[in-house]
Amino acid sequence: TGSKPVGAGILNDSIAIDRLKESLKLQKAAFRRNSNPSQMERTAHLRALVAMMAANRNKIRDALVQDFSAHPTEFSDLIEVAGVMGRAETAINRLPVWMAPDRREAEPMFGTPTAFMQYQPKGVIANVVPWNLPFELGCGPLAEMLAAGNRVILKPSEYTPACADVLEEMIAATFDRDHVTVSKGGLDLAKALPSLPWDHILYTGSTVVGRQIMAAAAENLVPLTLELGGKCPTIMTSTGLSSRNIQSVLGMKLAKNGQICVSVDHVLVHREQMEAFVSALQEYYRTNLNNHSQSPDCTGIITQRQLDRLVGLLDEANISGERVIHLEDSGIDRDRRIMPLTLIVDPKPGLSLMNEEIFGPILPIIPYDSIEDAIELINQRDRPLCINIYSQNPEEIDAVLERTISGGVTVNGAALNGVCPSLGFGGIGASGMGRHHGIEGFREFSNNRAVYFRSEQDNLASIFPPFGEATRDL
Ligand code: NAD
């Protein structure tokens with residue numbers, strides 16, 4: 001179960017489970033007392049979230065270094081702190097529009113009624129967080145959950161104990177326990193959580209566990225948002241090869257050393273350009289990222305077990321006689337769990353790295369012959385969270401937009417749809433269901449209630465018995 005003892009530094013699980021149940025009870029009772037916080041109250045909650053992130057920036061940096069062994073300050077500030085603050089600011093600015101009743105057309109045959117959608121809080125939401133982005137995924141969704149007027153219990157991963165401590169401490173200092181709280185624990189707590197009577201669960205993590213969460217949540221018919229994993233493909237077309245695009249592919253792959261759900265899992269490259277692409281990657285790396293893994297910009301692999309899994313993928317490729325290109329001379333630093341990026345060119349389809357989410361610094365490069373071919377390679381697999389395409393050819397871009405299905409698409413970039421505050425974020429099929437971020441998140445965490453206002457003057461006689469001429473004329 002990894003290099004860290006699971007549950008290290010956290011409460012014994014049966015105590016943790018009791019505390020979780022107690023927190024849920026407290027929050028449910030508090031929600032019954034105030035089930036529809038005003039816009040002013042919600043804005044205050046969101047401002048508190050912004051201030052909390054700003055005030056804890058240094059602690060967040062340190063905790064990430066502790067859990068990952070190495071973690072760049074800039075990435076921590078940008079994604080785990082500023083990203084959350086930006087999301088909360090968007091919610092503050094958009095709140096009046098998001099909360100307003102959404103007028104819909106009413107059926108004129110019934111007279112002159114009014115119809116609208118009312119977005120009301122759901123109640124108490126569980127946010128089950130993975131290890132890879134403990135603050136971005138722990139606190140980011142709070143923006144829309146609090147904007148929608150909910151109460152939240154956040155459960156960090158057992159693999160990020162230092163981050164869990166900071167989350168617990170800063171949330172306890174900012175919010176009342178019956179409003180937002182953190183529930184720390186090991187696997188037993190994680191397993192107990194989804195069968196409790198939540199009003200909604202947001203789960204971010206692997207597809208395998210996503211299935212278990214859904215089965216357990218079925219017991220209480222708890223609505224779910226599942227943010228899952230998978231293999232996000234990147235298509236490098238013949239018009240896409242440029243130095244800027246090489247920087248973009250490598251930049252995204254190296255972000256958190258590949259341990260991001262929308263990381264570039266593999267690149268599909270036009271066969272005629274494959275050698276040019278491989279050389280361009282090597283050249284760019286040599287010139288701009290020399291010894292990157294030894295630099296402060298590199299993130300460590302979360303656990304020894306994850307490192308072993310990644311080394312296993314490379315061993316399998318070597319045994320199979322694949323073309324393996326190490327971009328750095330320095331090998332793997334097992335103690336610090338530092339692993340440099342490796343390219344695998346045109347690997348055989350049966351290899352594990354072609355069939356499981358890589359989630360680390362290994363980049364398979366797969367040739368295709370036509371855009372139809374590339375689309376077919378994508379469509380043979382589970383629907384991805386994100387597809388990237390680099391192209392200057394509108395027909396190729398349209399073909400990908402029209403003939404593939406995924407949670408999101410970025411054209412001429414990698415995973416930028418995931419950081420655009422106005423776009424909802426989520427997967428489809430094996431990569432998840434439901435959306436958060438922006439208005440989609442607000443609506444996801446709201447009860448979308450249909451309200452029909454009949455004018456007392458409206459005559460509904462024609463739809464009630466005794467039926468007669470008037471009904472037949474409808
Ligand atoms: P993880 O091991 O931290 O697990 C995620 C959460 O699930 C943790 O809180 C953990 O305690 C809990 N958990 C684990 N086993 C459980 C069980 N049997 N029952 C209930 N809860 C359980 O993280 P992970 O799953 O290794 O995360 C990596 C995966 O997450 C990757 O597949 C990645 O693509 C995916 N991911 C998806 C997104 C997204 O937005 N779609 C974002 C980040 C990560």
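Analyst: Cys261 touches Gly229 and Leu385, residues up to four places away in sequence being left out; contact here requires C-beta atoms, placed from the backbone, to lie within 7 Å. The model is a predicted one, in which local features need pLDDT of at least 70, side-chain atom pairs count only at pLDDT 80 or more, and totals for chains, interfaces and linings use all residues. Residues are numbered from 1 along each chain as its sequence is written.

User: Why is Cys261 called buried?

Analyst: A residue is buried if 20 or more other C-beta atoms, placed from the backbone, lie within 10 Å of its own, exposed if 12 or fewer, and partly exposed in between. Cys261 has 28 other C-beta atoms within 10 Å, so it is buried. Cys261 sits in the loop between H9 and S9; helices (H or I, at least four residues) and strands (E, at least two) are DSSP runs numbered from the N terminus.

User: How do you know whether Glu227 is buried or exposed?

Analyst: Glu227 has 25 C-beta neighbours inside 10 Å and therefore counts as buried. Glu227 belongs to strand S7 (residues 224-227). Beyond its neighbours within four places in sequence, Glu227 is in contact with Tyr203, Thr204, Gly426, Gly427 and Gly432.

User: Why are the residues of the "active site" annotation said to gather at one spot?

Analyst: The UniProt annotation, from an unreviewed entry, covers Glu227 and Cys261. They span 35 residues in sequence, yet no two of their C-alpha atoms are more than 8.9 Å apart, so they gather at one spot. UniProt positions follow the numbering used here, feature names are shortened, and annotations may be inferred rather than shown by experiment.

User: What makes strand S9 largely enclosed?

Analyst: In strand S9 (residues 266-270), 5 of the 5 residues are buried, so the rest of the structure largely encloses the strand. His266, Leu268 and His270 are buried on one side, and Val267 and Val269 on the other, so both faces are covered. In a regular strand the side chains alternate between the two faces of the sheet.

User: How do you know which strands pair with S9?

Analyst: Pairing requires DSSP to find at least two bridges between two strands. Strand S8 (residues 233-236) runs parallel to S9 and is joined to it by 4 bridges, with Val267 as the bridge partner of Thr234. Strand S12 (residues 362-368) also pairs with S9 in the parallel sense, over 4 bridges; there, Ile366 is the partner of Leu268.

User: What makes a β-α-β unit right-handed, and which elements form one with S13?

Analyst: A crossover is right-handed if, with the strands pointing away from the viewer, the path from the first strand over the helix to the second runs clockwise. S13, helix H13 (residues 394-403) and S14 make such a right-handed unit. Strand S13 (residues 386-390) and S14 run parallel and are joined by 4 bridges.

User: Which face of strand S14 is covered?

Analyst: In strand S14 (residues 408-411), Gly408 and Thr410 form the covered face, whereas Val409 and Val411 form the uncovered one. Gly408 is also the bridge partner of Cys386.

Technical notes:
Two residues are in contact if their C-beta atoms, placed from the backbone, lie within 7 Å.
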